[in-house]
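Subject: Structure handover

Hello,

Here is the structure I promised you. Please open it alongside this email; my notes follow below.

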Amino acid sequence: LIGAGELVEGSHCMAPRYIEAMLEVSRVNLGLETIDVYYLHNPESQLAAIDRREFFSRIRAAFELLERKADESKIGVYGVATWNGFRADAEDQGYLSLLELIEIAQGIAGDSHRFRMIQLPFNLAMPEALTARNQPLDGNQVSILQAARGKGIAVCASASLMQGRLSRNLPAGIVEAIGGFETDAQRSIQFVRSTPGVDVALVGMKSVAHVAQNLATAKRAPLSVEQFLGLFKGDAKQ
C-alpha cells in the first residue's frame, strides 16, 4: 500500500491507495455505509521530510480521492485534523494555510467541494486558535477561527481538557469568571464551547460519571460576551 518515500518519519502516510484502504477498514469496523466526517490526520507531519511543492501535490491527490469517496457516498465531508499546523506562525516549517487548502479543494471540485471541517487543539491553556493572527482572509491577517468562519468551514476543538490537566486546579480568577459549575472540567468545557467560531468541543470520557458531568455542561447556555471577555482580564488572563 505504501511506496518508497510515502511514509514520513516512519509513521505518517497520506498516499491515496493507503487512505482508501483505511477508509474501507473503518467503514467495516464501524458498520457504516457513510462516514459523516473523514479527517486527514496531522498532514503537517509530512513537512518534516518534503518541501511545500511536494506537500501540496500530496494534499491534492488525497483530496481528489476524498472527493471521489464523497461522490460514492462513502463519506459525507472531509477535513484535516491537526495539532500544530493551524497554531504555528506562518514562517514555521509545519504551518498550514487554510486558504491554500481550500483553494486546492476548489481546484478539484469547484465551490461544491466537500472540504468542510478542520480540527485543532483549543483550550484555556492553548488559546492560539483564538489569539494567533496567522491566517490570511480578505487582505487581513486573522485567527484560524475567524478564517474558518469567513470561509464556511466548521471547527472542531480537540483537547478541550488538555488530556485531563484542565479538569482540576484552575486559577481562582477563571473559577470566578466561569461561575455556576460544580467542577473545573465543566468550566474548561464551557470556555471552549462558548468561544465564537468553535462548532464542536471534543471531550474524552472514561466513565458514566464523566458523561453525566459533560451533559450537565451542555444543558447550560454558553458564556455571554461579558463573561467571555472577563476571562481575559486580571487574574483570569493567566
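Let me start with a helix pair. In H1, the residues Pro-16, Ile-19, Glu-20 and Leu-23 meet a set in H2: Ala-61, Ala-62, Leu-65, Leu-66 and Lys-69. Sorted by class, this contact has seven nonpolar residues, two charged ones and no polar ones. H1 covers residues 16-30 and H2 covers residues 52-71. Their axes come within 9 Å and cross at roughly 35°. The crossing of H1 past H2 is right-handed. Keep in mind throughout that this is a predicted model.

**The sheet**

Five strands form an open sheet with parallel pairing. The order is S1-S2-S3-S6-S7. Which strands stand at the edges? They are S1 and S7 (200-201). Each has a single partner strand, so one side of each is left without a neighbour in the sheet. As background, strands of a sheet pair through backbone hydrogen bonds, either parallel or antiparallel.

Two of the strand pairs are worth a look:

- S1 (residues 35-41) and S2 (residues 75-81) pair in the parallel sense, over six bridges. Val-37 stands opposite Val-77 in S2. To get from S1 to S2, the chain goes through H2, and this β-α-β crossover is right-handed.
- S3 (residues 115-121) and S6 (residues 154-158) also run parallel, joined by five bridges. Here Leu-120 stands opposite Ala-157 in S6.

H1 lies across S1 and S2 and runs at about 140° to S1. H3 (residues 98-109) packs on the sheet too, where it touches S2 and S3. The direction of H3 makes about 155° with that of S3.

**Two asparagines with positive phi**

Asn-42 has phi near 45°, a positive value in a residue other than glycine. It is found in the loop between S1 and H2. Is Asn-42 buried or exposed? Its relative accessible area is 19%, and the cut-off for buried is under 20%, so Asn-42 is buried.

Asn-169 also has a positive phi, near 60°. This residue lies in the loop between S6 and H6 (172-177). Asn-169 has 71% relative accessibility, and exposed means over 50%, so Asn-169 counts as exposed.

**Around H8**

Asn-214 lies in H8 (residues 208-218). Its relative accessibility is 14%, so Asn-214 counts as buried. What does Asn-214 touch, not counting residues up to four places away in sequence? The residues are Ile-189, Val-203 and Met-205.

Ala-221 sits in the loop between H8 and H9 (225-230). At 55% relative accessibility, Ala-221 counts as exposed. Leaving aside neighbours within four places in sequence, Ala-221 is in contact with Gln-190 and Arg-193. Ala-221 and Arg-193 are 28 residues apart in sequence. In space, their C-alpha atoms are 9.7 Å apart.

**To recap**

1. The contact of H1 with H2, with its seven nonpolar and two charged residues.
2. The right-handed crossover from S1 through H2 to S2.
3. The sheet edges at S1 and S7.
4. Asn-42, buried, and Asn-169, exposed.
5. Asn-214, buried, and Ala-221, exposed.

Best wishes

Notes: Residues are numbered from 1 along each chain as its sequence is written. This is a predicted model: local features need pLDDT of at least 70, side-chain atom pairs count only at pLDDT 80 or more; totals for chains, interfaces and linings use all residues. Side-chain values use heavy atoms; hydrogens and water are left out. Axes are lines fitted to C-alpha atoms, for helices over the stretch in contact, and angles run from 0 to 180 degrees between N-to-C directions. Helices (H or I, at least four residues) and strands (E, at least two) are DSSP runs, numbered from the N terminus. A crossing is left-handed if the near helix is turned anticlockwise from the far one by less than a right angle, and right-handed if clockwise. Contact means heavy atoms within 4.5 Å. Ala, Val, Leu, Ile, Met, Phe, Trp, Tyr, Cys and Pro count as nonpolar, Asp, Glu, Lys and Arg as charged, and the others, Gly among them, as polar. Two strands pair if DSSP finds at least two bridges between them. A crossover is right-handed if, with the strands pointing away from the viewer, the path from the first strand over the helix to the second runs clockwise. Buried means under 20% relative accessible area, exposed over 50%, partly exposed in between (1.4 Å probe, protein chains only).
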